[in-house]
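Subject: Structure handover

Hello,

Here is the structure you asked for. Please open it beside this email. My notes follow below.

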Amino acid sequence: MSDTQNTPETATNHHGRLERKVAVITGSASGIGAETAKVFREQGATVVGFDLTADQPEVDLAIQGDVTSSADVAAAYAQVRETYGTVDVLFNNAGISPPDDDSILETEEDAWQRVQDVNLKSVYLCCKHGIPHLLETGGGSIINTASFVALMGAATSQIAYTASKGGVLSMSRELGVQFARQGVRVNALCPGPVDTPLLRELYANDAEAANRRLVHVPMGRFAQARELANAVLFLASDESSFITASTFMVDGGLTAAYVTPI
Ligand SMILES: NC(=O)c1ccc[n+]([C@@H]2O[C@H](COP(=O)([O-])OP(=O)(O)OC[C@H]3O[C@@H](n4cnc5c(N)ncnc54)[C@H](O)[C@@H]3O)[C@@H](O)[C@H]2O)c1
């Protein structure tokens with residue numbers, strides 16, 4: 001391992017849990033990505049954001065690009081390598097949940113394709129173009145954002161979203177296995193419902209739907225973005241050095257519950 005990697009013992013001795021690490025976060029302008037950028041920087045990382053907008057207040061270097069574009073993604077990593085010499089952490093987090101993705105009976109092919117491209121093809125591209133840099137610069141940690149819907153079925157469906165997140169989960173697992181002996185860890189973050197613009201948009205006109213979902217969360221509330229960011233921090237840092245190919249639930253107990261307390 002290069003000197004950008006700490007052993008598990010030394011990692012916790014550092015004031016910054018991500019000191020000397022360079023992290024690239026997609027979807028860094030909003031929600032979970034923006035909060036994670038903030039937490040990563042507090043812990044000493046250099047953070048490169050990649051989003052459709054250049055307005056990314058929490059990052060050291062903001063790259064404007066589209067995660068569905070192979071050229072944009074490859075150029076972003078090349079720029080990071082050129083600027084900082086290393087790439088240590090990838091948080092592949094950009095995703096969409098558009099209103100025209102609904103029941104399979106209503107969801108048309110354009111919505112299906114758009115969701116697969118932004119949520120799933122993006123993770124393929126970020127890993128395909130990112131992993132070579134990690135391999136060349138001493139290994140690292142990749143966190144791909146899936147969702148609890150990769151594990152559970154909902155009667156009120158967003159079929160393209162669910163299918164895309166299932167893909168992210170199984171792809172992450174296989175990449176974790178493939179690269180385990182080469183110092184590259186890959187984990188799938190599976191959030192339960194998080195209070196972000198994405199979720200607010202979904203429930204803006206439907207308080208009843210929000211309440212229906214809360215009934216299934218043992219903790220009886222949505223997560224704060226910070227609670228996801230803290231989990232991503234753990235997976236990104238050397239404290240999680242024996243964790244790879246995992247289905248990392250951060251869901252307030254949602255996927256474990258049959259009946260919840262009231
Ligand atoms: N909010 C939740 O309840 C929840 C639950 C489970 C999983 N997730 C997942 O977490 C991730 C982040 O969600 P969030 O709630 O923070 O969403 P958000 O809408 O707040 O932020 C998503 C960001 O991704 C960016 N983005 C969208 N398309 C892009 C593209 N083509 N190229 C580059 N950037 C693009 C957006 O500009 C935005 O800044 C997503 O993958 C989402 O599916 C969210």
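First, a term for the helix pairs: axes are lines fitted to C-alpha atoms, for helices over the stretch in contact, and angles run from 0 to 180 degrees between N-to-C directions. Helices (H or I, at least four residues) and strands (E, at least two) are DSSP runs, numbered from the N terminus.

Two notes on sources. This is a predicted model, where local features need pLDDT of at least 70, side-chain atom pairs count only at pLDDT 80 or more, and totals for chains, interfaces and linings use all residues. Residues are numbered from 1 along each chain as its sequence is written, and side-chain values use heavy atoms, with hydrogens and water left out.

**Helix 4 and helix 5**

The axes of helix 4 and helix 5 come within 7 Å. They cross at roughly 15°. Helix 4 and helix 5 are therefore roughly parallel to each other (angles under 35 degrees count as roughly parallel, over 145 as roughly antiparallel, 65 to 115 as roughly perpendicular and the rest as oblique). Helix 4 passes helix 5 in a right-handed crossing.

On the helix 4 side, the contact (heavy atoms within 4.5 Å) is made by W112, V115, Q116, N119, L120, V123, Y124, C127 and I131. From helix 5 come I159, A160, Y161, A163, S164, K165, G167, V168, M171 and L175.

Look at S164 in helix 5. Its relative accessible area is 0%, so S164 is buried (buried means under 20% relative accessible area, exposed over 50%, partly exposed in between; 1.4 Å probe, protein chains only). Leaving aside neighbours within four places in sequence, S164 is in contact with V115, Q116, N119 and L120.

**Helix 3 and helix 4**

Helix 4 also packs with helix 3: their axes come within 8 Å and cross at roughly 20°. That makes helix 3 roughly parallel to helix 4. The crossing is right-handed. Helix 3 brings S70, V73, A74, Y77, A78 and R81. These meet L125, C126, H129, G130, H133 and E136 in helix 4.

H129 sits in helix 4. A polar contact of 2.9 Å joins the side chains of H129 and S70.

**Helix 2 and helix 8**

Helix 2 (residues 31–42) packs on helix 8 (residues 225–236) at an angle of about 55°. Their axes are 8 Å apart. Helix 2 and helix 8 are therefore oblique to each other. Their crossing is right-handed. G31, I32, E35, T36, V39, F40 and E42 in helix 2 meet A225, R226, L228, A229, N230, V232, L233 and A236 in helix 8.

**The cores**

A nonpolar core is a set of buried Ala, Val, Leu, Ile, Met, Phe, Trp, Tyr and Cys residues joined through side-chain atoms within 4.5 Å. The largest one has 31 residues, of which V24, I63, V80, L90 and I142 touch the most other members. Elements giving two or more residues include strand 1 (22–26), helix 3 (70–84), helix 4 (109–136) and helix 5 (159–178). Helix 4 gives the most, with seven residues.

L90 touches V24, Y77, C126, G130, L134, S141, I142 and I143, not counting residues up to four places away in sequence. Apart from this core lies another, of 24 residues, among them V59, V194, L228 and V232.

**Loops**

S237 lies in the loop between helix 8 and strand 7 (247–250). At 0% relative accessibility, S237 counts as buried. Beyond residues up to four places away in sequence, S237 touches R17, L18 and R185.

A245 is in the loop between helix 8 and strand 7. A245 is not a glycine, yet has a positive phi of about 60°.

R20 is found in the loop between helix 1 (8–11) and strand 1. Phi of R20 is also positive, near 70°. With a relative accessible area of 44%, R20 is partly exposed.

Best wishes

Definitions and conventions:
Polar contact = N/O pair within 3.5 Å; in protein donor to acceptor, adjacent residues only side chain to side chain. Left-handed = near helix turned anticlockwise from the far one by under 90°.
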